[in-house]
Amino acid sequence: EKYALDNTESKFGKSALKITTEHPVNAFDSIKSFAYPVKTGKNYVLSFYAKANRENISLKVRIISDSQRKRHKLRSRKPSKEWGRHASVELSTKWRRYALAVKTVSSGYGFSFCAANTPGGILWLDGLQLEPGNQATEYTEKPVCAFLSTFSPDNFLTPDEKLNANL
């Protein structure tokens, strides 16, 4: 599987998102979040921890406005490089924290992650946090954290279908 939860590797909790790299990779081959509500005209920071199974595997990160009519320029912090609406970070074999800042122009933002074409590469993401401000604060988990995993392909639910899932 290209994207999976890995119970053998994590920075926080019991599992991390595992991404296996393969060819070809394009904009439609990324994992994306839902839109999160934000205040328009304010600064926000997306931070996350990541590592790879070997040095120099590149991870492409994008912060996406819910308003598809507007394009945004990211201000990235080291070790990431500025790359238009995207940022590209070179991962190492140790857990490191990465942060990207954006000034919002709409009321909802999501983000996506995509591994570069690196045969045999594996990377892990954990501790994702979107928060107001110019700098990331210490990662904290919410008092209640849950994950619903369905037995249907792609984890999709429909109203007329009997629910078959694990919480």
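Good morning, colleagues. Please keep in mind that the model before you is a predicted one.

I begin with the chain as a whole. The protein chain contains 14 strands and 0 helices, and its pattern along the sequence is accordingly β-β-β-β-β-β-β-β-β-β-β-β-β-β. Of its 167 residues, 38% count as buried. If we take the contacts between residues at least 6 apart in sequence, 73% of them join residues at least 24 apart. The accessible surface comes to about 10400 Å², and carbon and sulfur atoms account for 53% of that area.

I turn now to the interior. In soluble globular proteins, nonpolar side chains tend to be buried together. Here, the largest nonpolar core has 24 residues, and the members touching the most other members are F48, L59, L91, F113, L123 and L125. Which elements give two or more residues to this core? They are β2 (16-20), β5 (43-52), β6 (57-65), β9 (86-91), β10 (96-103), β11 (108-115) and β12 (122-132). The largest share, 5 residues, comes from β5.

Leaving aside residues up to four places away in sequence, L59 touches F48, A87, S88, V89, L91, F113, C114, A115, L123 and L125.

Let me now consider β11. Why is β11 described as largely enclosed by the rest of the structure? The reason is that 8 of the 8 residues of β11 are buried. In a regular strand the side chains alternate between the two faces of the sheet. In β11, both faces are covered: one side carries G108, G110, S112 and C114, the other Y109, F111, F113 and A115, and all of these are buried.

With β6, β11 pairs in the antiparallel sense over 7 bridges, and V61 has F113 as its bridge partner in β11. Strand β3, residues 31-32, also pairs with β11 in the antiparallel sense, over 2 bridges; there, I31 stands opposite F113. Strand β4, residues 36-37, runs antiparallel to β11 and is joined to it by 2 bridges, with Y109 in β11 as the bridge partner of Y36.

Thank you for your attention.

Definitions and conventions
Residues numbered from 1 in each chain as written. Predicted model: local features only at pLDDT ≥ 70, side-chain atom pairs only at ≥ 80, totals over all residues. Heavy atoms only, no water. Core = buried A, V, L, I, M, F, W, Y, C linked by side-chain atoms within 4.5 Å. Buried < 20%, exposed > 50% of the residue type's maximum accessible area, 1.4 Å probe, protein only. Helix = DSSP H or I, 4+ residues; strand = E, 2+ residues; numbered from the N terminus. Contact = heavy atoms within 4.5 Å. Pairing = 2+ DSSP bridges. Areas by Shrake-Rupley, 256 points an atom, 1.4 Å probe, with all protein chains shown as cover.
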